[in-house]
Amino acid sequence: MRWVNRHIGRRQAFGLGAIPIGLLTIGYLVASAQRHAANPADKILPLPSAMGTAIWKMMQQPDVLSSNLVFWADTLASLQRLGLGLGIATLMALLVGLLLGVLPPVRAMFGPLVTGIAVIPPIALLPILFIALGLGETAKVALIVIGIAPVMVRDVAGHVGALPREQIVKAQTLGAGSWQIMLRVALPQALPRLLVALKLALGPAWVFLISAEAIASDVGLGYRIFLVRRYLAMDVIIPYVAWIALLAIVMDVALSKLSTRAFPWAHGAAH
Amino acid sequence: MSALLTLKDVWVEYGDRIVLEKVNLDVAAGSFVSVVGPSGAGKSTFLRVILGQEQATRGTITLDGAPLPPECGPDRGVVFQKYSVFPHLTVLGNVVFGLECTQAPLLARLFGARRKAAEAEASEMLEAVGLKDSMHLYPAQMSGGMQQRLAIAQALIKRPRILLLDEPFGALDPGIRADMHTLITRLWRQYELTVIMVTHDIREAFSLGTRVLALDKRRHDPHAPHRYGATAVYDLPLTKPAPVEPEAPVAQGAAA
């Protein structure tokens, strides 16, 4: 049977998906064991037990200086920044995207500006943000917003602008004006796309968060990774990276679930 | 009969391309005008101009004696071949939407007793098009024929002065098309509609219409084909038997 026609069942898919992950894990364990056999104090490829102990300590024992549970304080700080950044960017994308997508005069006036902002590499703006907003939370959240909002705005505006002209005409023959078309025709159809845009923005948002934290911060997942790098503390870095990956996956899955729940019509609603 | 819709010397040009030239037309209230013509003869442009989606370059169009405003409005209902219904609203929501727009300018949503009343009116209309049992489905869950029924109900709830149909049954298979012919004939009589329907199916044009209009170019310049536009080259009034009880399907839509 041709590969394009192979049907993969649920259990089979699970098994197949586990293979590369399993192989990578085994490969790591073997390499780690070999290095430890040569040098029991090796720091580059820590054994799972070492990583467990290190992270357990960070979860359980208060820090000497701040008396915080470091792991949880880092997670909370990072999620707060990320959440704020994603939230603000999402609202902006919805509002600006709708206006740009539905109203041609607004698109003509602000379209070029949005495009202009979108092509600036956000990291290049980081110094400006630090100078203008200080080294506090505002600059970090602002970096995330500036980094992901323009792309999301353009995505939503493009989607709304691509709604069939027939729908807009039909709405007008039903008595709707610009405002009502925006509220009842464009907004609901923009929402599922907004969730997709948000999902795709998660990756860049993490990048900007960690960059901002790496450069100027005193708490946060990115800050911690870059701090302990000085001591080659791979036993902390690897679990932290895994934890970030886990958080990102949970957010991604949650957004997908939310979309199918809230907008069944956008997902081929049970034929 | 007085003319409901009047086109006087209407021209439509895009740059130096002339699509319609010198279209003069009086449409009487209660008539069912079928518009036929070869592809590219400007049938759809003709419909869009009456709809208000496009503007005539020259000439005047009056509805009930008043010049048409330059944009679409609730006095002219429309059913397109596709994309006529809102995918994010249920069948009932699609029909209620028209009532909500006029009754709730700010939120375009009705609540409580007014919503009940609007839903009752909408479900009556849905019953008339045979969608009573599908009120809570989304358009994506329905067949093409059902979606067109919905689009018709949606347009009729506004009681438009004139109903414009742009190849409304073009994408449907023959059996369904025959059902839709019966439906639109019944609704036309029941609600005393004035209908303009663009179609490429000559049989459909003659079996449904009380008048058939053929759009085509009168002249053709082989070196500059775009310099002559189409106009009504044939205008055939049809005498139909007086409205009797709902008749059997008028014709098989399929090519004979």
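1. Contact between chains. In this predicted model, chain B puts 36 residues in contact with chain A, and chain A answers with 24. About 2,600 Å² is buried between the two chains. Carbon and sulfur atoms give 64% of that area.

2. Polar terms. Eleven residue pairs are in polar contact between chain B and chain A, counting pairs with both residues at pLDDT 80 or more. The salt bridge count between the chains is one. Glu100(B) and Arg184(A) form this bridge through their side chains, at 2.7 Å from N to O.

3. Helix H7 of chain A. This helix spans residues 165-173 and is mostly covered. Seven of its nine residues are buried. Which ones? The buried residues of H7(A) are Gln167(A), Ile168(A), Val169(A), Lys170(A), Ala171(A), Gln172(A) and Thr173(A).

4. What covers H7(A). The cover over its buried residues draws on both chains. From chain A, it includes helix H8 (178-215). From chain B, it includes helix H1 (43-51), along with E6, H2 and H4.

5. Backbone after H7(A). Gly175(A) comes just after the helix and takes a positive phi of about 100°.

Technical notes:
Residues are numbered from 1 along each chain as its sequence is written. Chains are lettered from A and ligands numbered from 1 in the order in which they are written. This is a predicted model: local features need pLDDT of at least 70, side-chain atom pairs count only at pLDDT 80 or more; totals for chains, interfaces and linings use all residues. Side-chain values use heavy atoms; hydrogens and water are left out. Contact means heavy atoms within 4.5 Å. Buried area is the accessible area (1.4 Å probe) that two parts lose on being put together, summed over both. A salt bridge is a side-chain nitrogen of Lys or Arg within 4 Å of a carboxyl oxygen of Asp or Glu. A polar contact is a pair of N or O atoms within 3.5 Å; within protein, one must be able to donate a hydrogen and the other to accept it, and residues adjacent in sequence count only if both atoms are side-chain atoms. Buried means under 20% relative accessible area, exposed over 50%, partly exposed in between (1.4 Å probe, protein chains only). Helices (H or I, at least four residues) and strands (E, at least two) are DSSP runs, numbered from the N terminus.
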